[in-house]
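Here is a short report on one protein chain. Look over the sequence and the structure first, then read on.

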Amino acid sequence: MLAVVVGAFALPAPATALPDRFGFALWDGAAVSPTGTFPAATTIDNYAVGRYKVAFPNTAAHNKVAHVTAINTNGSCQVADWARPGGTEFVDVDCYNATGVRANAAFTVVFSSSHGSLPPSAGAFATVHSAASGTVLAQYNSTSAVNTVTRGGVGLYMVRLPGLLTSAFDEGSLQATAVNPRVAARCKIARWGIAGADQLANVLCFDTAGARADTQFTLTYQRRQAVYDGILPGRRFGYLWNPPPLGPHGTNLNARGGSNTVFSVGPGQSVVQFPLIGLGPDTVQVTAYGASGNYCGLQRFWVALTDVHVRVACFHPGGTPASTDEFFVAYASPT
């Protein structure tokens, strides 16, 4: 198979100006996997078919988002809700098969909360939690600007992240996740652009039949920061945008200067390699890209020496392999 090498560059020392909280967890289908979980004491309760309660100890915070990606299934997982009784942050995850029936699945989930600002040299970070109406329920912008969401029709949301433009819009990475406690929903990035100094991202959300559907969602934008940002951004993270063909240089980053590669391994399937940054515990998130109802998930991810290998699979509505694999992928380790 053809390997495509993408741009890489070393980062300045990471900023630690954000005393934030975050956590991530890997559910292998039967138990919490310590290699993909932080803090180590995080627990997951599979309390009903396809329903999970993730407990991140000592991380409860305001102004938060969560993302989840299904593993080794043609179904999907989403955030159902979150709450913070006491000092624990609880994130509810629901998983479904390809036709929208709740089903048990493996998944990876990440939660983060941010506040404060970052100097431009440290990169940028922004999050949004939007209601189905487009009302912003929570948001963060590392320039201290206020993010907005405009509903543009059924299942279409236009997210504006002010002040985050650098020399070109196509620098950084995005993740989007449906938030719905009642029915299966899938959200993705449909378009990415600029307006003045603002980053713009169109989010499209669908039901399992591929019809547009209104739902809550979360969105994260990262530039030279890990997908969860936080007080321990680490030096081991990377991200890649595969439209395809691969996105521009600034959308394909390796925090330790390695050259990321992506291999096509079949219809709708790719293996992404992030060299030099692999060290557990670690997490991966995937979000589909494009205007169709196609969606993407993980087949698996693993570390060989210090190289991270991520196998991404994309599907048509109904669960058949997609003809193309269009996605954003982000890897991060706090160590």
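## Secondary structure and model

The chain has zero helices and 24 strands. Helices (H or I, at least four residues) and strands (E, at least two) are DSSP runs, numbered from the N terminus.

This is a predicted model, where local features need pLDDT of at least 70, side-chain atom pairs count only at pLDDT 80 or more, and totals for chains, interfaces and linings use all residues. Residues are numbered from 1 along each chain as its sequence is written, and side-chain values use heavy atoms, with hydrogens and water left out.

## Overall build

Along the principal axes, the C-alpha atoms fill a box of roughly 50 × 45 × 40 Å. The chain has 335 residues, and 58% of them count as buried (under 20% relative accessible area, with a 1.4 Å probe and protein chains only).

Contacts mean heavy atoms within 4.5 Å. Of those between residues at least 6 apart in sequence, 66% join residues at least 24 apart.

## An open sheet

Strands of a sheet pair through backbone hydrogen bonds, either parallel or antiparallel. Here, four strands make an open sheet in the order E11-E12-E15-E14, with antiparallel pairing. Two strands pair if DSSP finds at least two bridges between them. Strands E11 (148–153) and E14 (186–195) are at the edges with a single partner strand each, so one side of each has no neighbour in the sheet.

E14 pairs with E15 (residues 198–206) over nine bridges, in the antiparallel sense. Which residue stands opposite Ile189? Val203 in E15 does.

Key. Buried < 20%, exposed > 50% of the residue type's maximum accessible area, 1.4 Å probe, protein only.
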